[in-house]
Amino acid sequence: MAAATCSARRAVVTKAAPLRASVSLSGARVVTGPRPATAPARAVAAQVFARGAGGPRRGGRQDEENDGMEERLVQIRRVTKVVKGGKQLSFRAVVVVGDGEGSVGVGCSKAKEVMDAVRKAGIEARKAQVKVMLSTKAKTLTHRTQQSAGGATVMLRPAAEGTGVIAGGAVRVVLELAGVKNCFGKQLGSNNQLNNARATINGLKSVRSFKDVADMRGKTVEELFA
C-alpha cells in the first residue's frame, strides 16, 4: 500500500513539473526538459543570462577608439567633496581629442575611478569638437588672435613654414591635435590647464578665412590683397 502511494505521488510530481522551452539569447541555449518544481524562476533566468546572453554592445568605448581621433590626457586631479557624512573622493580628468585635420575638442569630467573619468572626458570632448580654419600650405592660422577663458588668456600668432609649434602646456596639445604645424602660442594669464585649453579652443574658433573676410567686405580675395 505504501509503495503504491509513493508511485502515485511521483507520477503527480512528474506530470506537474513544467517544461523548459528552448530559448536562444545571443547564443545562449536552454535544453528542453523537465524542470524541478522546487526551482525558483529567478534562478532559471539567472542561469540563462549567465551563459553569455549579453553579446557585443553597439557603440561604447570600442567605437570611440576606432573613430580615427587621437586622445591625450592633459590633466588628472584628485577632488574631495566635503559632505555631512565625511569626504567623497573623486578624480577629474581633462582630455583633448583631435584628428589632426582641423577638428579638435576639450572635455572635462569627474568620476570615482581614474579610467571612468578619462572615458567620460573623452566622450565630452568628442561632443564639443570645433572646426579650425587653417592655411592650405603652411598649416597655420590666417591671422593673430587672443581669447580668454576664466582667468586664462592665450595669444596665437601665425608662423612661417618650418617654424613648428612654439607653445607649451595645454596650448601645445590643442594646437597639435587640431593639425596646426606652424604657430606661436603664449599663455598670458592663469596657468590653469583646463582654462588654457578652453582659451585656445576659443582662439581657434575665432579664426576666419580670407574668403570670409572678403565676403564680409564685399570684395574678392584678389582685391583684398591688391
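The structure is a predicted model, in which local features need pLDDT of at least 70, side-chain atom pairs count only at pLDDT 80 or more, and totals for chains, interfaces and linings use all residues. Residues are numbered from 1 along each chain as its sequence is written, and side-chain values use heavy atoms, with hydrogens and water left out.

The protein chain contains 8 helices and 12 strands. Helices (H or I, at least four residues) and strands (E, at least two) are DSSP runs, numbered from the N terminus. Of the 226 residues in the protein chain, 32% are buried. Buried means under 20% relative accessible area, exposed means over 50%, and partly exposed lies in between (1.4 Å probe, protein chains only). A contact is defined by heavy atoms within 4.5 Å. Among contacts in the protein chain between residues at least 6 apart in sequence, 51% join residues at least 24 apart.

Helix H4 covers residues 114-127. The expected span of a helix is 1.5 Å times one less than its number of residues. For the 14 residues of H4 this gives 20 Å, and the end C-alpha atoms are 20 Å apart, which agrees. The buried residues of H4 are Ala-117, Val-118, Ala-121, Gly-122, Ala-125 and Arg-126. Seen down the axis of H4, these buried residues fall within an arc of 165°, so they line one face of the helix. The arc is that of the directions from the helix axis to the C-beta atoms.

An open sheet of 4 strands has the order E9-E10-E12-E11, and its pairing is mixed. Strands E9 (145-149) and E11 (165-166) stand at the edges with a single partner strand each, so one side of each is left without a neighbour in the sheet. Two strands pair if DSSP finds at least two bridges between them. E9 and E10 (residues 152-158) pair in the antiparallel sense over 5 bridges. In E10, Thr-153 is the bridge partner of Ser-148. Helix H5 (residues 169-178) packs on the sheet and touches E10, E11 and E12 (183-187), and its direction makes about 150° with that of E12. Helix H6 (residues 193-206) also packs on the sheet, touching E9, E10 and E12, and its direction makes about 140° with that of E9. Axes are lines fitted to C-alpha atoms, for helices over the stretch in contact, and angles run from 0 to 180 degrees between N-to-C directions.

A salt bridge is a side-chain nitrogen of Lys or Arg within 4 Å of a carboxyl oxygen of Asp or Glu. By this rule the count is 5 salt bridges. A network of salt bridges links Glu-70, Arg-72, Arg-172 and Glu-176. Glu-176 lies in helix H5 and Arg-72 in strand E5 (residues 70-83), so the pair ties together parts that are 104 residues apart in sequence. Arg-72 is partly exposed, with a relative accessible area of 27%; Glu-70 is partly exposed at 39%, and Glu-176 is partly exposed at 27%.

Asp-215 and Lys-211 also form a salt bridge (3.1 Å, N to O). These two residues are 4 residues apart in helix H7 (residues 210-217), a separation of about one helical turn. Asp-215 is partly exposed, with a relative accessible area of 49%, whereas Lys-211 is exposed, at 51%.
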